[in-house]
Amino acid sequence: MGISQYIKEIGRGARGAKPLSREQATDLFGQVLDGSVTDLEIGAFCLAMRIKGETAEEMCGFLDATHQRLALLPATDRPLIVLPSYNGARKLPVLTPLLALLLAREGLPVLLHGMRTEARRILASDVLLALDITALIAPEKIANGTVGHIHTQHLHAGLARLLSVRDVVGLRNPGHSVVKLMSPCAGPSVVVTAYTHPEYFEMLQTTFRTLGMSALLSRGLEGEVATDPRRTPRYDGFVHGLHAVLESQQPGTASEVPGLPAEIDVATTAHYTRHVLAGELPIPPAIERQVEHILRLADQTVSETSP
């Protein structure tokens with residue numbers, strides 16, 4: 001059937017474009033993921049959505065299509081903490097691996113999923129490899145107290161292909177939003193995600209509420225979900241869609257973080273992470289606070305699902 005009828009609606013520019021219903025968005029995105037449309041149609045879809053922007057209803061539809069097709073990890077004993085990592089470090093060391101390992105130290109199962117979407121950035125997955133944590137080659141159950149990381153290709157090849165369109169057109173597309181919100185797990189999970197641009201805030205909140213997801217939402221650092229170690233952002237929590245402001249943004253930015261290296265390369269970041277985990281360097285207080293919020297959401301997710 002193709003997606004031309006949808007492109008006609010979303011491709012009329014910022015003022016003339018019409019939003020899709022959740023059902024239409026599900027059908028459109030499903031066809032894109034299945035590879036049943038042409039490259040030209042995919043390019044048109046990506047550019048049209050880049051100009052128009054996603055509504056919450058469209059994002060719910062995109063996620064519906066994605067969750068119907070993902071290769072899911074088996075349910076874990078405690079809620080799986082899902083850390084999407086698609087941007088990497090550009091100016092400060094990438095602290096998503098440290099966040100993952102601190103959460104695992106608290107007995108939680110943690111999944112980091114991602115792939116390179118930005119050239120010349122330091123990826124969290126490469127830091128985990130440097131810490132001798134091998135990547136999964138297929139979805140598998142993650143034990144309590146351990147970290148698993150997997151390339152998007154092994155969750156859904158079509159989704160990884162959609163993200164790679166950025167290499168051709170140079171712009172992000174709805175796939176980049178989807179991967180930061182999806183939950184590739186058959187059981188309860190807490191998705192830790194972040195936004196960079198304030199205009200996405202309302203859309204993300206509405207999406208989590210509508211889909212009944214458990215999640216932690218805050219401003220990110222260079223597109224990563226680990227918080228900026230120099231400041232404490234506002235944290236919004238969701239437990240099966242129920243929303244609460246967990247903490248208001250704190251004023252001020254620290255001029256330095258004790259022990260945080262100036263270099264961002266893989267080896268230096270892995271070395272810093274090891275020393276923090278060993279207690280030889282302090283955990284950045286902002287990261288400690290983020291861990292506390294995630295632990296609380298995981299406990300609440302369990303209590304809400306218990307009979």
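**Labels and their grounds**

Reply: Start with a pair of strands. Strand S2 (residues 110-114) and S3 run parallel and are joined by 5 bridges. The model is a predicted one.

Me: What makes S2 and S3 count as paired strands?

Reply: Pairing needs at least two bridges. S2 and S3 have 5 bridges, so they pair by the criterion of at least two. Within this pair, glycine 114 stands opposite histidine 151 in S3.

Me: How do you know that strand S5 and strand S6 pair, and which way do they run?

Reply: S5 (residues 215-219) and S6 (residues 235-239) share 3 bridges and run antiparallel. The cut-off is at least two bridges, and 3 bridges join S5 to S6. Leucine 216 has glycine 237 in S6 as its bridge partner.

Me: Why is S3 called largely enclosed?

Reply: Buried means under 20% relative accessible area. In S3, 4 of the 5 residues are buried, so the rest of the structure largely encloses this strand.

Me: Why are H3 and H5 called oblique?

Reply: The axes of helix H3 (residues 22-34) and helix H5 (residues 56-69) cross at roughly 45°. Under 35 degrees would count as roughly parallel, and roughly perpendicular runs from 65 to 115. H3 and H5 are therefore oblique to each other. Their axes come within 7 Å, and H3 passes H5 in a right-handed crossing. Residues of H3 that meet H5 include Arg22, Ala25, Phe29 and Leu33.

Me: What makes H3 and H8 a perpendicular pair?

Reply: H3 and helix H8 (residues 157-164) pack at about 95°, with axes 7 Å apart. The range for roughly perpendicular is 65 to 115 degrees, so H3 is roughly perpendicular to H8. Phe29, Val32, Leu33 and Asp34 of H3 make the contact with Gly158, Leu159, Arg161 and Leu162 of H8.

Me: Which residues have the most contacts inside the largest nonpolar core?

Reply: They are Ile3, Leu28, Phe29, Val32, Phe45, Phe62 and Met182, in a core of 52 residues. Leaving aside neighbours within four places in sequence, the contacts of phenylalanine 29 include Phe45, Phe62, Leu159 and Val178. A second, separate core has 42 residues, among them Ile122, Leu128, Ile264 and Ile294.

Me: Why is aspartate 132 called exposed?

Reply: Exposed means over 50% relative accessible area. Aspartate 132 has 65%, so it is exposed. This residue lies in the loop between helix H7 (124-130) and S3. The phi of aspartate 132 is near 65°, a positive value in a residue other than glycine.

Notes: Residues are numbered from 1 along each chain as its sequence is written. This is a predicted model: local features need pLDDT of at least 70, side-chain atom pairs count only at pLDDT 80 or more; totals for chains, interfaces and linings use all residues. Side-chain values use heavy atoms; hydrogens and water are left out. Helices (H or I, at least four residues) and strands (E, at least two) are DSSP runs, numbered from the N terminus. A nonpolar core is a set of buried Ala, Val, Leu, Ile, Met, Phe, Trp, Tyr and Cys residues joined through side-chain atoms within 4.5 Å. Buried means under 20% relative accessible area, exposed over 50%, partly exposed in between (1.4 Å probe, protein chains only). Contact means heavy atoms within 4.5 Å. Axes are lines fitted to C-alpha atoms, for helices over the stretch in contact, and angles run from 0 to 180 degrees between N-to-C directions. Angles under 35 degrees count as roughly parallel, over 145 as roughly antiparallel, 65 to 115 as roughly perpendicular and the rest as oblique. A crossing is left-handed if the near helix is turned anticlockwise from the far one by less than a right angle, and right-handed if clockwise.
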